[in-house]
Every structure is written in structure tokens, then in C-alpha cells.
Amino acid sequence: MHIPDGFLNARTWVTMDVVAGLSVAYAIKKTKMSLAERQIPLMGVMAAFIFAAQMLNFPIAGGTSGHLIGGVMAAVLLGPWAATLVMSTIFIVQCLLFQDGGLTALGANIFNMGIIGTVLGYYVYRGVGISFGSKKGLLWGVGIASWLSVVLAATFCSIELAFSGTVPLRVALPAMAGLHALIGVGEAIITIGVISLILRARPDLLQRYV
Amino acid sequence: MEKWIIILLGVAVLAAIFLSPFASTKPDGLERVAEDKGFLEKGEGPQVVNSPIPDYTLPGIKNEKLSTSIAGLVGVIIVALLGFGLGAILKKKEKIQ
């Protein structure tokens, strides 16, 4: 869902760059207050793992592919703020080194695929987990947050495209949300899979919310 | 912790090298919608940044699969280093008593 330069008008991409910039600055501040020494390797590893996973497109219906975004996965292991920094790093490298996503659109991409997943996704994970208690609740929270993060990313992307006059919302939103409702299932399955493996072997690596 | 770091890093590196060349080449959700709804060409103009490895393809390597593998490996290493580095710089400072 990496938006290239040219899809968004200046007013929209400038706004999103500011939003993303402020969010990343806040994430830096929060991370400094809470990142434990033992989490440092986890930041490098999650960056590597999610970057690699984002390269592995899988086919979905109708001649289209999807790929993991990874925001919720990162947040469950690192908390919302460190995860935001990991995701932002990935998007910046993808943009500058690989031309995957535009430079002006970087803010929008960081917001849609990073912040929505890491921040909103984290609190959905937390909310569902607290409501249900138990390991099952935790995994349900992971799944719901993962799916939601993808669909909401697609929704915000559609809104940005509409504000830019690139495509009307009533055209973009059903198409984007529909495809990403499917892709989101993939995100949920992969994220639940990875998290449940880690839960079994190293439950201390997960962010605890109680 | 160390064993897990190595396992996950190893999986990432192996996936980048051996799986990424076989990833689906079909357009992703956004590209598909852009094609169908007629705004794809808006994104095909000159990009603001000229990247060294555009679209995960190393210029100068003819074999596309090899090119993707190497691009994947380079990317994984760079983001891993940046992630570690960020963590090291930003970690919570212990108060000095």
C-alpha cells in the first residue's frame, strides 16, 4: 500500500508529513522513557523480520497480491512507540533505497501503515486482551488488531486519495477496503502465528498490559 | 534472548534471500485499485528521489531473481543495523545514584 509521489496533492502530503513527523517525534520521546536494554536487539530483529516479510507478496483474489504490514506484530513485542520507530525506519529505507513509496508521500505511508497499526492496533490488542483475559483473549486481540490495522490503513489511504482529488471516496473506499479486508486476514493469520510461537517459547517478550 | 535474536534474524535473512524472488508479482491492493480506477499513471511520473535499487532491482544484475535476493539481503541488513542503532541511542538511561 506504499503510495508513490504523484498520487497525493501538496496540501494532503504536507499535512500527512506533519502528522507523521509529530508522531515520530513523540514516539522518540516516549521510547527514550521506556526502552529497556534487553529490547535493543529486538528492535533490530523486528526491523529485519518485518522488512523481509513485506517483500513476500502473496496472491489474493482477482490478480492482486497482498503482503504483511507488520505494525501490530511490532507493537505487541515492542510497545506502540518503539514499534512506530521501527516501522518508520523501514518505510524510510524502502523509500530512499528502493523507491518503494514516494518521498513526499512518506508521511502518509508512515501514518497509514505504521502509526495506525502500531498505536491504534496496540490499544485494540490491549483492549480485547483485557476484556477476555487468558491466552485466547490475547491471540484474539492480536488477530482483530492485525485485521483492523490493514483495513483502516486502506481506509485512510482512500481518504487521502479523495482529498487529493485523485479518485472519489465512493470509488476508492469500497475497492480499497474490500481488497484489504482479504489482505487483512493474511495479516491476522501471520501475526497470530508468529506471536503464538513467541508466546510459547518466550512469553516475557510480549508487551504485558495487566 | 541471544538464541531468539539469531533465529529471527536468520529467518529474515533467509526469507529475503530465498523467498523474496518467488513472491507474487501481481500488483498490490493499491496498485490494483489505481489501475482499475484509472489513476495509476499519476504515480508513474518522475519520483522525487532517485534510488540506487529502484523497485528492489539491482541495476547491472541481469538475473531478476538474483537481483531481488541481493536487494532483499541489503535491505534486511540495513534496517537491522538502523533498528539496533536506534535502540542503543534511545534506551532508557539509568539514573546515576
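Reply: From the N terminus on, chain A runs α-α-β-β-α-α-α-α, that is, six helices and two strands. The model is a predicted one.

Me: What makes chain A as compact as a globular protein of that length?

Reply: The globule rule gives 17 Å for 210 residues, and the radius of gyration of chain A is 16 Å, close to that value, so chain A is as compact as a globular protein of that length. Its C-alpha trace spans about 45 × 35 × 30 Å along the principal axes. Of the 210 residues of chain A, 60% count as buried. Among contacts in chain A with a separation of 6 or more, 73% are accounted for by residues 24 or more positions apart.

Me: Why is chain B called more spread out than a compact globule?

Reply: In chain B the elements run α-α-α from the N terminus on, with three helices and zero strands. For 97 residues the globule rule gives 13 Å, whereas the radius of gyration of chain B is 19 Å, well over that figure, so chain B is more spread out than a compact globule. The C-alpha trace of chain B spans about 65 × 30 × 25 Å along its principal axes. Of its 97 residues, 28% count as buried. Residues at least 24 apart are joined by 50% of the contacts in chain B between residues at least 6 apart in sequence.

Me: Why are helix 3 of chain A and helix 4 of chain A called roughly antiparallel?

Reply: The axes of helix 3 (residues 71-98) and helix 4 (residues 106-132) of chain A come within 9 Å and cross at roughly 175 degrees. Angles over 145 degrees count as roughly antiparallel, and the two helices are therefore roughly antiparallel to each other. The residues of this contact divide into 18 nonpolar, eight polar and no charged.

Me: How do you know that A:Val194 counts as buried?

Reply: A residue is buried if 20 or more other C-beta atoms lie within 10 Å of its own. A:Val194 has 20 C-beta neighbours inside 10 Å, so A:Val194 counts as buried. This residue lies in helix 6 of chain A. The C-alpha atoms of A:Val194 and A:Gly114 are separated by 19 Å, the two residues being 80 residues apart along the chain.

Me: Which residues have the most contacts inside the largest nonpolar core?

Reply: The largest nonpolar core has 91 residues, and those with the most contacts inside it are A:Met46, A:Ala47, A:Ala48, A:Ala52, A:Ala74, A:Leu78 and A:Val86. Helix 3 of chain A gives the most to this core, with 17 residues.

Me: How do you know that A:Ala48 is in contact with residues of chain B?

Reply: Two residues are in contact if their C-beta atoms lie within 7 Å. Apart from neighbours within four places in sequence, A:Ala48 is in contact with B:Leu9, B:Ala12, B:Val76, B:Val79 and B:Ala80.

Me: Which helix of chain A supplies the largest share of the side that touches chain B?

Reply: In total, 62 residues of chain A are in contact with 52 residues of chain B. Elements that each supply at least two residues of the chain A side include helix 1 (10-34), helix 2 (40-55) and helix 6 (169-201). The largest share, twelve residues, comes from helix 2 of chain A. By class, the side of chain A that touches chain B has 40 nonpolar, 17 polar and five charged residues.

Definitions and conventions
Residues numbered from 1 in each chain as written. Chains lettered and ligands numbered in written order. Predicted model: local features only at pLDDT ≥ 70, side-chain atom pairs only at ≥ 80, totals over all residues. Axes fitted to C-alpha atoms, helices over the stretch in contact; angles between N-to-C directions. Helix = DSSP H or I, 4+ residues; strand = E, 2+ residues; numbered from the N terminus. Parallel < 35°, antiparallel > 145°, perpendicular 65-115°, else oblique. Nonpolar A, V, L, I, M, F, W, Y, C, P; charged D, E, K, R; others polar. Rg over C-alpha atoms; globule rule 2.2 N^0.38 Å. Buried ≥ 20, exposed ≤ 12 C-beta atoms within 10 Å, placed from the backbone. Core = buried A, V, L, I, M, F, W, Y, C linked by C-beta atoms within 7 Å.
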